[in-house]
Amino acid sequence: MTTPRPMAPTLLWRARLRLAGLSLLVMGAILYASGFVMARLLLHEQETAIKRELQTLAGTLHDSLKPTLPPVPQPTAALSLVLPGLCVVGERCAEPDPLVQRHAVSATDPSRFQLRILNPRGALIATSPGAPQLGSGVPHTGLLQHQGSDGSRQLTYTIHLHRSHGSTQQDWGYLQISRSLVDLDAEAQRLWWWGHGVFVLAMAGMALASWWLAGLAMAPLLEAYRRQEQFSADVAHELRTPLANLLALLEAERDALHRLPGQAPAGRFSTGRPAAEAPSATGLDRMLNQGRRLQQLIADLLLLASLEQPTNGSHRRLCNLAEICADVLEDFSEAAAAAAVTLQAAIEVGDATVLGVESELRRLLINLLSNALQHSPPGGTVLVGLQRHGREIQLFVQDSGSGIPAEAQGLIFERFHRLDPARSRQQGGTGLGLAIAQAITRRHGGVIRVESTPGHGATFSLRLSAVRRLP
């Protein structure tokens with residue numbers, strides 16, 4: 001995979017970031033949902049196993065107790081003999097005989113199960129130590145989940161208890177067997193922490209994989225952009241020399257026409273045709289103007305290509321934006337007077353020192369001022385301001401033109417974008433001025449924005465980090 005270089009445009013890097021983020025989001029959602037479902041299924045299976053265990057144990061105890069229950073369902077010491085470890089209501093709890101080997105001993109183990117025996121009216125007859133208090137009244141048979149005295153979840157299974165009386169069965173009372181779900185809740189808590197820990201690690205790995213895969217997917221696009229960028233720079237560079245020669249030739253021919261009025265100039269434009277068919281001075285002036293416009297376009301393309309090249313910042317120096325603004329305003333005074341536009345300055349900072357390239361910052365302000373003059377009507381005003389906001393210097397250029405529609409404000413920094421193509425071409429614009437301004441701003445680590453209300457002009461503002469001069 002080709003490693004993207006800093007010359008790659010910000011838009012492509014953002015596209016790669018969005019692609020990686022979306023793939024990470026999708027994979028993360030699938031992974032989280034799968035882990036959540038698996039954990040819920042695992043806990044559900046464990047809870048189902050506990051329910052089956054309670055039901056099986058309750059059935060086993062019921063079958064074992066039927067022939068041994070006393071005739072009357074009331075508190076009696078005989079119950080302690082039937083189920084060692086039971087505490088009969090109204091009597092002291094006796095320790096079970098450890099030598100008695102019966103399945104009921106494990107069933108009455110307080111660390112696992114708790115038993116309660118009720119009469120047909122729901123009154124408590126006997127209970128094992130630590131059994132939950134479920135209230136009075138006739139209980140409902142089946143499974144019941146409730147909260148214990150310590151706040152833990154409890155699961156209780158209630159069945160009818162019958163006593164064998166000859167060939168018939170007597171409805172003797174109720175048998176309740178309970179089990180704490182503390183272990184299950186602790187397991188769920190462990191699963192939650194372990195699951196989220198593994199999920200975070202997996203997301204970190206998937207983030208790297210998503211970034212790598214997004215790079216693989218966008219590598220052809222990045223390479224195509226670099227080739228296009230190199231092609232534009234090469235073409236502009238190759239066209240610059242022959243175009244300069246052509247313009248020099250046109251200027252020479254035009255000067256020859258001015259020196260010899262009414263005669264066709266001798267030289268490379270001489271074709272043996274009558275003088276009336278030779279190029280006129282007006283035609284040569286038009287060709288010169290178009291050639292100079294093409295020359296300016298090539299120069300702007302080369303500048304834009306150079307601004308997008310990576311830089312280590314070693315060529316940057318301390319620059320005072322206030323001095324740059326003063327110099328550029330002085331240079332534009334004649335152009336503003338010719339366009340009948342008033343130039344105003346609102347430089348509120350004396351020392352607006354930034355770290356950058358003075359020629360590039362000067363070009364940035366020239367482009368913004370040229371754009372403002374181009375869109376300001378005769379009698380309008382262009383305001384150039386400089387302010388300090390904390391550790392940042394804000395430079396703004398405000399015009400009094402017709403403004404920029406909201407839907408076009410996000411496009412004006414793109415190459416060759418014009419709000420009024422016919423007007424821009426008549427005034428010699430190349431459509432690269434604002435793109436160059438944005439490239440210079442980004443090269444200096446700043447941000448440029450536009451604010452405009454249709455009919456009330458536009459304000460271009462940029463922020464750069466200020467640098468304090470050493471005394």
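Author: Buried means under 20% relative accessible area, exposed over 50%, and partly exposed in between (1.4 Å probe, protein chains only). Helices (H or I, at least four residues) and strands (E, at least two) are DSSP runs, numbered from the N terminus. The model is predicted, so local features need pLDDT of at least 70 and side-chain atom pairs count only at pLDDT 80 or more, while totals for chains, interfaces and linings use all residues. Residues are numbered from 1 along each chain as its sequence is written, and side-chain values use heavy atoms, with hydrogens and water left out.

First, the setting. The chain holds nine helices and 13 strands. Of its 471 residues, 37% count as buried.

Now the part itself. Five strands form an open sheet in the order β8-β10-β11-β13-β12, with mixed pairing. Two strands pair if DSSP finds at least two bridges between them. β8 (342–347) and β12 (447–452) are the edge strands; each has a single partner strand, so one side of each lacks a neighbour in the sheet. From one strand to the next, the twist averages 15°. Axes here are lines fitted to C-alpha atoms, for helices over the stretch in contact, and angles run from 0 to 180 degrees between N-to-C directions.

β8 pairs with β10 (residues 381–389) in the parallel sense, over six bridges. Ala345 has Val384 in β10 as its bridge partner. Helix α6 (residues 321–338) packs on the sheet and touches β8, β10, β11 (392–398) and β13 (458–465). Contact means heavy atoms within 4.5 Å. The direction of α6 makes about 170° with that of β8.

Stay with α6. Its 18 residues reach 26 Å from first C-alpha to last, close to the 26 Å expected at 1.5 Å a residue. That expected span is 1.5 Å times one less than the number of residues. Even so, α6 has a kink of about 40°, centred on Phe332. The bend at a residue is the angle between axes fitted to the seven residues ending there and the seven starting there. Phe332 is also one of the buried residues of α6; the others are Leu321, Ala322, Ile324, Cys325, Val328, Leu329 and Ala336. An α-helix has 3.6 residues a turn, so residues three or four places apart point the same way.

Both ends of α6 deserve a look. At the N-terminal end, Asn320 is the cap: a side-chain oxygen sits 3.0 Å from the backbone nitrogen of Ala322. Just after the helix, Ala340 takes a positive phi of about 60°.

β12 and β13 pair in the antiparallel sense over six bridges. Val450 has Phe460 as its bridge partner in β13. The two strands form a hairpin with five residues between them. In that turn, Gly455 has a positive phi of about 90°. Helix α9 (residues 433–443) lies across β12 and β13, at about 135° to β12.

Which side chains of β12 are buried? They alternate along the strand. Ile448, Val450 and Ser452 point to one face and are buried.

Conventions:
Polar contact = N/O pair within 3.5 Å; in protein donor to acceptor, adjacent residues only side chain to side chain.
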